[in-house]
Amino acid sequence: MAIFRGLGNRSDRPLNSGWQMIVSDAGQFATPADIPATQTRIAAPVPGTVAQALEAAGRFDRSAPAPLENLDFWYLLDLAGEPSGPARLIFEGLATIAEVYLNGARILDSRSQFVSNDVPVTLAGNDHLAIAFRALAPHLKAPGPRAKWRPQMITPPGMRMVRATLLGHMPGWCPEVHAVGPWRPVHLLRDGGIEIDDLRISAALSADGKGLLDLSFRFSGRATDLRILCGEAMTPVTLSAEDRLSASMTMDAVMPWWPHTHGAPTLYPLSLVVDGRQLPLGRVGFRNIALDRGVDGRGFGLGINGVPVFCRGAVWTTSDIVNLPGGKADYAHWLRLARDAGMNMIRIGGTMAYETRDFYDLCDELGIMVWQDFMFANFDYPAADAEFAGLVRREAEDLLGALQGSPSLTVLCGGSEIYQQAAMMGLPPRAWTGPVTEEILPEVYETHRPDVIYVPNTPFGGAMPFSPNEGITHYYGVGAYCRPLDDARRAEVRFSAESLAFAQVPEQVTLDAHLPVPPVHHPDWKARVPRDRGASWDFEDVRDHYLQELYGFDPARLRREDPARYLDFSRAVTAEVSESVYAEWRRPGSTSAGGLVWTLQDLLPGPGWGVIDSTGLPKPVWHGLRRAFRPVQLLLSDEGTNGLDVHVINETAEALPLVLEVSALRDGAQPVVAGRREILLQPRGGASLAATDIFGAFFDTTYAFRFGPPAHDVTVATLSAGEREITSAYHFPRGRAAALHPAQITAEIGEDTDGAFVAVACDRLAQSVNLAFSGYLPGDNWFHLAPGRQKIVRLVPFGARPEQVAGEIRQLGTSSVLHV
C-alpha cells in the first residue's frame, strides 16, 4: 500500500507505543473480553515481532529459539483520549493469522503476512484495540490440494498453504525464529486534507537523453490547481480515464541514474503541488533497462542506459532475524558495506521477506540495483484456490505500489527454485510451471512496473532450469559441488543469481566476543555452520575441500596441530576462490554477465554463509570481493600453452591513461622477467594482452611447456595511475602452496589529513596479509603483498576506537605475528 497524505486537517497517527502483549495457549481466549485482568503482560514494540518483545523481556534466546507457532499472542492498546468519530485503521503487515478487535468487535481477519489492510472504523472515545495472532501450527496441518512435489529444505510442508516468510522454517539454513506479530507499522488515520493513492510512476530516458516522466493517481481532497514538480520542472495535472489524474513531462538535459559502478545514481525530488503547496512523493531516477540474450540467444545480461553492466553483489537475508525491522537506519550499515565492496546488485530471495520502501530509497541513493523475488520458493503452490490466488495478487500489488518510481528496482522474479525443485525430482517441464509465476505475477508486473525485467523463476532457462550455460542459474559448481576452479569457465555460466556458498569464518574479534569455542567440532560452533537438510556434508566441508586443493594441507591435521593457522587459511581460501571465480566471469570474452554471492549477511555470529558477520563486521571474503568487484580491474588468466593473458577493464565513462607492469618472481622475490606498458583504457571498455607481448619475448609464464624446472613461482601484475597503484593481480603457476614464503614484513603507522594509515612492505611475496587493528576497518585486507613497493592501507574508523592506533599483522607463510 502506498498512500501519500498531508496539506490539510488529515491526521495520520502512528500507533507505535503503549502496546502490551499477552502469551496464551492456542485458542485459550476467543475474544479480548475473555482475557483476565491478572494475565501477565509485557511491553511490545510496534512495528515489531513477538520474538523481539520476548527477547527484550528476557524470555527468548535467538541462538536457541523456542517455537512460537503453537501459541496465541495478543497485542493490546488503549486508545484513551483519542477523539470520537470516523477514522481508518491501517495495518501494513500482520504476521500471519490475525484477528483485529475494536472495543471487542471483530473488524478484520488477515491471513497473509505480506498484505496491508485499510479498515474504516468509528471511534467512540476511550477505545480499545486488540490484535490476536493465532497459532500457526493448526493452519500448517490443515489439508490442502495435493502437491506434485514436496521440498525437503522447508518444514513443515504446510508452509505452502500460508503467505508467510520461510525464515525460521529452513533447518540448517537459519535459526528457527518464527515471524509472528505486527511486523510493519499500524496507523490511525482521520479524514480531512489531501490524500493520493494508487500512484503509478514511469521515469525513462529518450534516445537523445531527455527525461520522460509519466504519472497517474487517484486523488481525494479539495484543490483548484494541481501540478507535478520534478526537480525544477513543473507540469499541470489533468483528468484521465477511470477518474484518475495524470501528468506527463519531458525534461531536457537530465542526469541519468546509474549503478554506482558505472556512474552517479542521480535522483530528482518529486512533488504534487496543491494550490501552491508541495506534497512530497519521493524521488525518481531516469534510466532505461534492457535485457541482452547474447549473440546465441542463450544469455541473460542487463543493459542500463544502453551500457552492458556486469552485475555483482549478494543475496540479502535480513538485518535482524528476530526483529525483521524495516527502517532506514536498520538497512544503512549493511547496504553501505555492500556498496563499499563494489556490489552493484542485491537480490532479495524468495525464501526471505519483503523489505520496506526505505530499503529501496537507500539503494536508489547508493546506486545499487535490486533483484526482487516475490516470496515464493520451492513449493508447488495451490494457485487454484481462489482465496490463495487473491492474496497473491494483493501481495504483489502492495509491493509494487510501494515501489513506484524507484530506479534501483531492476529485476522482478516469480520465485526461487520452484522449477528447479520439480525438475530435480524428475517431473516433466509442464509440471514445473504454474499460474502464480506464469499468470498472476506477470499481470501485476505489467500493470505496475513494466519498466523492469520480469523472469518467472530463478534458476530458469536451460535444458534443465538450473543448467548454467543458458539463462539464469544458481551456480555451485565451484562451491557446494567441489568442482575445480576452472569449472567456472567450463560451465559457461551466463548469469548466476546465487553462487559460492561457503561457511565463511569471521574475523577473530567476532569469534572471541560471540563464539569463544574450539572451531569445527564444538557443538556450539557446529550449530552455526549452514547445511542442506538431509545432506551428509555441510558447508564447512566444502571450505575444507578448497583449503586442501589450494594449499595442500590436510585440514583435519592442520586444525589439530595449529587451530589458529587453520582458521587463517580457512578465512583466506574463500576470498581466494571468490576472486578466482569472478576473475573468470569478468574477463573479456567470458560468457557471464553477472553473479551474486550467497549471502550478504549472517543471522547469528559464526561461520555462516554471509560475507558480513551478524555484528556488522566484514569477513575476510568481503575484502576479496571488494578487490574482485572494482570498476577498473586487472585480471590474469591461465590459458595453458597459449600463455598468461592480462585483462584490463574500465567500466567508467572516462578514458584512463594507465601503466601496466608485469613481472615473474623466483622465490617470491627475484624478478626473472618483467615488462611495462603504457595504455589508454577506453571508457566502458576492456582489452586483453598476452604477457609475452608485454615481456617482449617468450617466457613460460604458465609453466605449461615444462622445459626444465620452473623459473618462477608467482607472476605479479599492477595497474597504476602515476604513483598510485589502482589494482594488482597474481598468478601462481605451480599453485599457491609452492609460493608460500615466510616474508619479512615491515609496517609503519601514520596519519595525514585523510586519517590513520599503515604503510606495509616486504622482502618477498607475502600471501593473504591480515591487518587486525582494534577500532578500525582496513581499506584493504587479506591481500597479497609483492616486494619492491610500499602499500598504504587506510584505517577507517569502525566501532569503538582505542586512544592509540595499534594492531597485529599476519600472513599465511609463517605463524609469526608482527605487532605495530
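Biologist: How many cavities of 30 Å³ or more does the structure hold?

Modeller: Three. Keep in mind that this is a predicted model.

Biologist: What makes a space in there a cavity?

Modeller: The largest cavity has a volume of about 120 Å³. Sixteen residues line this cavity, and the closest to its centre are Thr96, Leu136, His178, Ala179 and Val180. By type, its lining splits into 10 nonpolar, four polar and two charged residues.

Biologist: And what lines the second largest cavity?

Modeller: That lining includes Ile201, Ser202, Ala203, Arg287, Pro407 and Asp451. There's about 60 Å³ of space in the second largest cavity, and its lining counts as three nonpolar, four polar and three charged residues.

Biologist: OK, on to Asp602. Why is Asp602 called buried?

Modeller: Buried means under 20% relative accessible area. Asp602 has 6%, so Asp602 is buried. You'll find Asp602 in the loop between strand E30 (594-597) and helix H15 (620-628). Among the residues Asp602 touches, leaving out those up to four places away in sequence, are Gly608, Trp609, Ile612 and Lys619.

Biologist: Is Asp700 buried or exposed?

Modeller: Buried: its relative accessible area is 13%, and the cut-off is under 20%, so Asp700 qualifies. Asp700 sits in the loop between helix H16 (691-695) and strand E36 (714-721). A polar atom of the Asp700 side chain lies 3.1 Å from the backbone nitrogen of Phe705. Not counting residues up to four places away in sequence, Asp700 touches Phe705, Arg706 and His712.

Biologist: What caps the N-terminal end of H12?

Modeller: Asp538 does, with a side-chain oxygen 3.0 Å from the backbone nitrogen of Glu540. Just after H12, Gly552 takes a positive phi of about 80 degrees.

Biologist: And what covers the buried residues of H12?

Modeller: The cover includes helix H11 (523-526), helix H13 (555-561), helix H14 (563-586) and strand E40 (766-773). Among the buried residues are Phe539, Val542, Leu547 and Tyr551.

Notes: Residues numbered from 1 in each chain as written. Predicted model: local features only at pLDDT ≥ 70, side-chain atom pairs only at ≥ 80, totals over all residues. Heavy atoms only, no water. Helix = DSSP H or I, 4+ residues; strand = E, 2+ residues; numbered from the N terminus. Buried < 20%, exposed > 50% of the residue type's maximum accessible area, 1.4 Å probe, protein only. Contact = heavy atoms within 4.5 Å. Polar contact = N/O pair within 3.5 Å; in protein donor to acceptor, adjacent residues only side chain to side chain. 1 Å grid on protein atoms, 1.4 Å probe; cavity = no way out; pocket = protein on both sides within 12 Å on 5 of 7 lines; lining within 4 Å. Points joined across faces, edges and corners; volume = space filled by probe spheres on them. Nonpolar A, V, L, I, M, F, W, Y, C, P; charged D, E, K, R; others polar.
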